[in-house]
Amino acid sequence: MRPSSICILRAVAVLLLHHHLLPGVEASVEKACRDAANGSPKINYDFCVAELRPYPGSQVANQKWLAVIAASLTKDKATSASDKVKGLLANASDTKTKQCLESCESVYEDLLTDLKTSILAIKKGRLGDAKTHLSAAVDAPSTCEQGFEELTVPSPLTKEDSDLTQISTIALAFTNMLG
């Protein structure tokens with residue numbers, strides 16, 4: 001065998017041993033999403049993969065960093081929803097709609113605080129704190145939607161709240177997988 005072939009075989013052997021001896025060190029987006037979806041009927045596998053796969057670094061992230069990425073994606077979506085609420089509030093003329101939007105604005109502010117705290121907690125390995133704040137994040141979008149339902153006003157945030165619920169549920173599931 002030529003020396004270059006031996007080097008390639010050694011490299012392949014090292015990679016195989018690495019994955020065999022250190023299971024869970026690297027987690028593929030697809031595997032993590034499949035595990036999360038299998039663990040919860042609320043998680044949509046296709047949504048999970050579509051959201052996480054394009055995120056920079058997700059393809060080589062371990063399970064901990066996939067949890068951080070999912071929480072960061074939740075924060076990005078919450079920021080976007082919050083910005084939309086502010087724009088809608090600036091143009092709202094209906095009293096009931098304005099009341100609902102103001103309530104959602106407050107919910108999103110709290111949500112963003114919870115998400116910042118949960119991201120830091122995951123990074124530092126404080127999983128109990130992370131789970132507490134992510135659980136609150138999972139509930140926040142439905143709190144916003146309930147305001148519209150109670151006042152029988154159509155919600156302009158249904159899509160955003162649905163996506164937020166889904167991605168925050170994924171972030172919580174990934175964090176739960178850490179222990």
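Some ground rules. The model is predicted, so local features need pLDDT of at least 70 and side-chain atom pairs count only at pLDDT 80 or more, while totals for chains, interfaces and linings use all residues. Residues are numbered from 1 along each chain as its sequence is written, and side-chain values use heavy atoms, with hydrogens and water left out.

Let's start with the overall plan. The protein chain has seven helices and zero strands. From the N terminus on, the order is α-α-α-α-α-α-α. Helices here are DSSP runs of H or I with at least four residues, strands are runs of E with at least two, and numbering starts at the N terminus.

How much of the protein chain is buried? Of its 179 residues, 39% count as buried. Buried means under 20% relative accessible area, exposed means over 50%, and partly exposed is in between, using a 1.4 Å probe and protein chains only.

Now contacts, meaning heavy atoms within 4.5 Å.

Next, the core. A nonpolar core is a set of buried Ala, Val, Leu, Ile, Met, Phe, Trp, Tyr and Cys residues, joined through side-chain atoms within 4.5 Å. The largest one has 50 residues. Which residues have the most contacts inside it? They are L52, L66, Y108, I170 and F174. The elements that give two or more residues to this core are α2 (29-39), α3 (45-52), α4 (63-91), α5 (95-124), α6 (127-150) and α7 (158-178).

Look at Y108. Set aside its neighbours within four places in sequence. Y108 then contacts A81, S82, V85, C144, L157, D161 and L164.

S72 sits in helix α4. S72 counts as buried because its relative accessibility is 14%. Leaving out residues up to four places away in sequence, S72 touches Y55 and I119.

On to α3. Its buried residues are F47, C48, V49 and L52. They pack against α2, α4 and α7. An α-helix has 3.6 residues a turn, so residues three or four places apart point the same way. At the start of α3, a side-chain oxygen of N44 comes within 2.9 Å of the backbone nitrogen of D46.

How do α2 and α3 pack? The angle is about 150°, and the axes are 9 Å apart. Axes are lines fitted to C-alpha atoms, for helices over the stretch in contact, and angles run from 0 to 180 degrees between N-to-C directions. From α2, the residues V29, E30, C33, R34 and A37 meet Y45, C48, V49 and L52 of α3.

Two of those names bring us to the cysteines. A disulfide is a pair of cysteine sulfur atoms within 2.5 Å. How many disulfides are there? The count is two.

C33 and C48 form a disulfide, with sulfur atoms 2.0 Å apart. This pair links distant parts of the chain: C33 is in helix α2, C48 in helix α3, 15 residues apart. The link of C33 and C48 is left-handed, at -75° about the S-S bond. C33 counts as buried, at 0% relative accessibility. C48 is buried too, at 0%.

A disulfide also joins C104 to C144, S to S 1.9 Å. This pair links distant parts of the chain as well: C104 in helix α5 and C144 in helix α6, 40 residues apart. The link of C104 and C144 is right-handed, with 95° about the S-S bond. Both C104 and C144 are buried.

C100 is buried, with a relative accessible area of 3%.

Last stop, T152. T152 is in the loop between α6 and α7. T152 is exposed because its relative accessible area is 67%. Most residues other than glycine have a negative phi. The phi of T152 is near 50°, a positive value.

How values were computed. Polar contact = N/O pair within 3.5 Å; in protein donor to acceptor, adjacent residues only side chain to side chain.
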